[in-house]
Amino acid sequence: MDFFMNEDGLEHVYAWAIPFHAAVILAEMIYSHVSEAKLYNGKDVATSVYLALMNFGLDLVMKAFAMGVMFFFYNHRLFTWDFTIWYWLICFVITDFAYYVLHYVDHHSRAFWAIHITHHNSEYFNLTTGFRSPVLQPLYRYLYFSPLAFLGFNPWHIMVVYAIGQVYGTWVHTQTVKTMGILEYILVTPSHHRVHHACNIKYLDRNMGMCLIIWDKIFGTFEKEDPNVPVKYGIYPKMPDNKPDTVLLYEWRKIWKDIKQPGLKLSDRMNYIFNSPGWRHDGTGKTVRQYQKDYLKKQSKRQEEKQKMKSA
């Protein structure tokens, strides 16, 4: 564990992960070409790399400030832990939970969705989608991990286990692994994450975890991949193009258009920024929950009709 316990721990994680990622991505690309699965697109991969580099650059800029905030809470911590295996296990579990909360907010508050949407707009789903990063997330991500530091977990250790989780979270962005057997009940798997990246109404805002799927099952955001509902990747409506500035600013431009409508109350303008995507002050919009409620009603009606036809 000494290898990961100091401030160089992050660099050690990435030093091991990068060449392994490169090898696995190359293998998936070869498989895609040989099998004619068409899992990759050159422009799409380039956009993913561009976004990842921008995210990494902002991460470096924010590193000192973010760690300073986290160490402020750590220096005023409630508990002091011995660095045993139980410490690391608990640190991993609660860091994974903190990410689940962050990810949930990213999907349910429009300003944060405007940041996170860059990870979802691709209509391809492959290992490079895993580092198609929400560029501006480093501006606020540390706020979700600061309570963990207040509970006595060293910020460097939090970021190391988070980085390990990110490595795993990249691997689940694949269509080549269909199922992981019994691990489907415990871990976020490629099948679970395919659901997360779908734009089908049935699948929207589901499977938010990075490593553990238990949070989704506890909080009601779990959805199993349904063979009768093939996954459609991307967002709806689609972006007009895949240019970097469009990908980065797409939802922000829509927010700006909404908040500058004349005659709006301040509360309406704030709702356009922070309420759920799809909310509108005049009631003409639909949030994901409303779409899914309508979808379930239609599914229930279809089932009733099928039952009547069988009984006739």
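**Helix packing and voids in a predicted model**

Q: To start, how far apart are the end C-alpha atoms of residues 142-165, and how much of the span is helix?

A: In this predicted model, the end C-alpha atoms of residues 142-165 lie 15 Å apart. The span is 83% helix and 0% strand.

Q: Which residues does UniProt list as "transmembrane region"?

A: The unreviewed UniProt entry gives residues 12-31, 52-73, 85-102 and 142-165 under that name.

Q: And what is the helix content over residues 52-73?

A: The chain there is 100% helix and 0% strand, with 29 Å between the end C-alpha atoms.

Q: Turning to packing, at what angle do α3 and α5 pack?

A: Helix α3 (residues 85-108) and helix α5 (residues 141-150) pack at about 145°, and their axes are 9 Å apart. The crossing of α3 past α5 is right-handed.

Q: Which residues of α3 and α5 meet?

A: From α3, the residues are I94, T95, A98, Y99, V101, L102 and V105; they meet R141, Y144, F145 and L148 of α5. By class, this contact comprises nine nonpolar residues, one polar and one charged.

Q: What lines the largest cavity?

A: Its lining consists of F92, T95, D96, V161, Y162, G165, M210 and C211. Helices α3 and α6 (155-171) each contribute at least two residues to this lining. Five of the lining residues are nonpolar, two are polar and one is charged.

Q: What about the largest pocket: which residues lie nearest its centre?

A: Y14, N55, D59, S133 and Q166 lie nearest the centre, out of 47 lining residues. The largest pocket holds about 1,300 Å³ of space.

Q: Which helix gives the largest share of that lining?

A: Helix α2 does, with 12 residues. Helices supplying at least two residues each are α1 (9-35), α2 (42-75), α3, α5, α6 and α7 (190-196). By class, the lining has 27 nonpolar, 15 polar and five charged residues.

Q: What is the volume of the second largest pocket?

A: The second largest pocket has a volume of about 990 Å³. It is lined by 37 residues, and L204, Y236, P237, V288 and Y291 are the closest to its centre. Its lining divides into 17 nonpolar, 10 polar and 10 charged residues.

Q: Which helices each supply at least two residues there?

A: For the second largest pocket, these are α3, α4 (110-116), α9 (244-259) and α11 (288-311).

Terms used. Residues are numbered from 1 along each chain as its sequence is written. This is a predicted model: local features need pLDDT of at least 70, side-chain atom pairs count only at pLDDT 80 or more; totals for chains, interfaces and linings use all residues. Side-chain values use heavy atoms; hydrogens and water are left out. Axes are lines fitted to C-alpha atoms, for helices over the stretch in contact, and angles run from 0 to 180 degrees between N-to-C directions. Helices (H or I, at least four residues) and strands (E, at least two) are DSSP runs, numbered from the N terminus. A crossing is left-handed if the near helix is turned anticlockwise from the far one by less than a right angle, and right-handed if clockwise. Contact means heavy atoms within 4.5 Å. Ala, Val, Leu, Ile, Met, Phe, Trp, Tyr, Cys and Pro count as nonpolar, Asp, Glu, Lys and Arg as charged, and the others, Gly among them, as polar. UniProt positions are given in the numbering used here, feature names are shortened, and annotations may be inferred rather than shown by experiment. On a 1 Å grid over the protein atoms alone, a cavity is a set of points where a 1.4 Å probe fits but cannot get out, and a pocket is an open set with protein on both sides within 12 Å along at least five of seven lines; lining residues have an atom within 4 Å of a point. Grid points are joined across faces, edges and corners, and a volume is the space filled by probe spheres set on the points.
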